[in-house]
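Please look at the sequence and the structure before reading on.

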Amino acid sequence: MRISKGQKLLFIGDSITDCDRAKPEGEGLFGALGTGYVSYVNALLQTVYPELEIRVVNKGISGNTIRDLKARWQEDVMHERPDWVSILIGINDVWRQYDAPFMKEKHVYLDEYEETLRTLVTATKHSVEGIILMSPFYIESNKLDAMRYTMDQYGSVVKKIAQETNSLFVDIQGAFDRLLKFFYPAALAWDRVHPSATGHMVIAQAFLVAINFEWKKNCDNFVY
């Protein structure tokens, strides 16, 4: 697996990452990591790789855009001195263009999004062992839907920056597209954005595959 013994894995993003995590520090017991994919990733890492003693920290904040991440990057990422940083951002950057179309000061258009994300990743990559970039998503199977179409453009930017900066890329939109062959979107997210438990497990699984998580490790003594 890519993450080594004693390393700190920090997740940062919006409400999909936040999921009611503890403030100001999302780390530890009693729901400190929230109720979403971050807690699932942590639970699986502790279950399958307890010997690695990996620290998981949740720095998601509901409603954030890439602008907000930029404003708090020094305190919430660099001061934490993580070994790995996972970024899932862009949903609100796109969503505000559709649910608040006249409030243009809240819109983060593609050029600003790309420039800001690239700047953050470039400035950080030499201070950490690795960066994991996850695509923003919209849980809608119709790729011609306006918001889905825009979200795919933002996801393409994330993939491009990952390739440019030698970061890991996790195609969360693609992972949801696989399930949308079997589910109506509202079954995975009532608003097509905030996932159900199944939706959060989709994100967790895609993330773990990207870091070469060995799913059958320590299963030799299981009874089948």
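## A covered strand

Strand β4, formed by residues 130-134, is mostly covered, with five of its five residues buried. The model is a predicted one, and buried here means under 20% relative accessible area.

In a regular strand the side chains alternate between the two faces of the sheet. In β4, G130, I132 and M134 belong to one side, while I131 and L133 belong to the other.

## Neighbouring strands

β4 is paired with two strands, β3 and β5. Strand β3, at residues 84-88, runs parallel to β4 and is joined to β4 by five bridges. Strand β5, at residues 168-170, also runs parallel to β4, and three bridges join these two strands.

M134 illustrates both pairings. In β4, M134 is the bridge partner of L88, and in β5 the bridge partner of M134 is V170. The path from β4 to β5 includes helix α6, residues 146-165; together, β4, α6 and β5 make a right-handed β-α-β unit.

## The largest cavity

Rolling a probe the size of a water molecule over the atoms shows where empty space is left. The structure holds one cavity of 30 Å³ or more, and about 30 Å³ of space lies in the largest cavity. Its lining consists of I87, L88, I89, Y113, L117, L133, M134 and V158. The elements that give two or more residues to this lining are β3, α5 (110-124) and β4.

Which classes of residue make up the lining of the largest cavity? The lining residues divide into eight nonpolar, no polar and no charged.

## The largest pocket

The largest pocket has a volume of about 170 Å³. It is lined by R2, W84, K125, V128, E129, G130, I131, T165, N166, S167 and L168. By class, these lining residues comprise four nonpolar, four polar and three charged.

## The annotated region

The UniProt record, an unreviewed entry, places the feature "domain: SGNH hydrolase-type esterase" at residues 11-200. Within the model, this span is 46% helix and 11% strand. The C-alpha atoms at the ends of residues 11-200 lie 14 Å apart.

Notes:
Residues are numbered from 1 along each chain as its sequence is written. This is a predicted model: local features need pLDDT of at least 70, side-chain atom pairs count only at pLDDT 80 or more; totals for chains, interfaces and linings use all residues. Side-chain values use heavy atoms; hydrogens and water are left out. UniProt positions are given in the numbering used here, feature names are shortened, and annotations may be inferred rather than shown by experiment. Helices (H or I, at least four residues) and strands (E, at least two) are DSSP runs, numbered from the N terminus. Buried means under 20% relative accessible area, exposed over 50%, partly exposed in between (1.4 Å probe, protein chains only). Two strands pair if DSSP finds at least two bridges between them. A crossover is right-handed if, with the strands pointing away from the viewer, the path from the first strand over the helix to the second runs clockwise. On a 1 Å grid over the protein atoms alone, a cavity is a set of points where a 1.4 Å probe fits but cannot get out, and a pocket is an open set with protein on both sides within 12 Å along at least five of seven lines; lining residues have an atom within 4 Å of a point. Grid points are joined across faces, edges and corners, and a volume is the space filled by probe spheres set on the points. Ala, Val, Leu, Ile, Met, Phe, Trp, Tyr, Cys and Pro count as nonpolar, Asp, Glu, Lys and Arg as charged, and the others, Gly among them, as polar.
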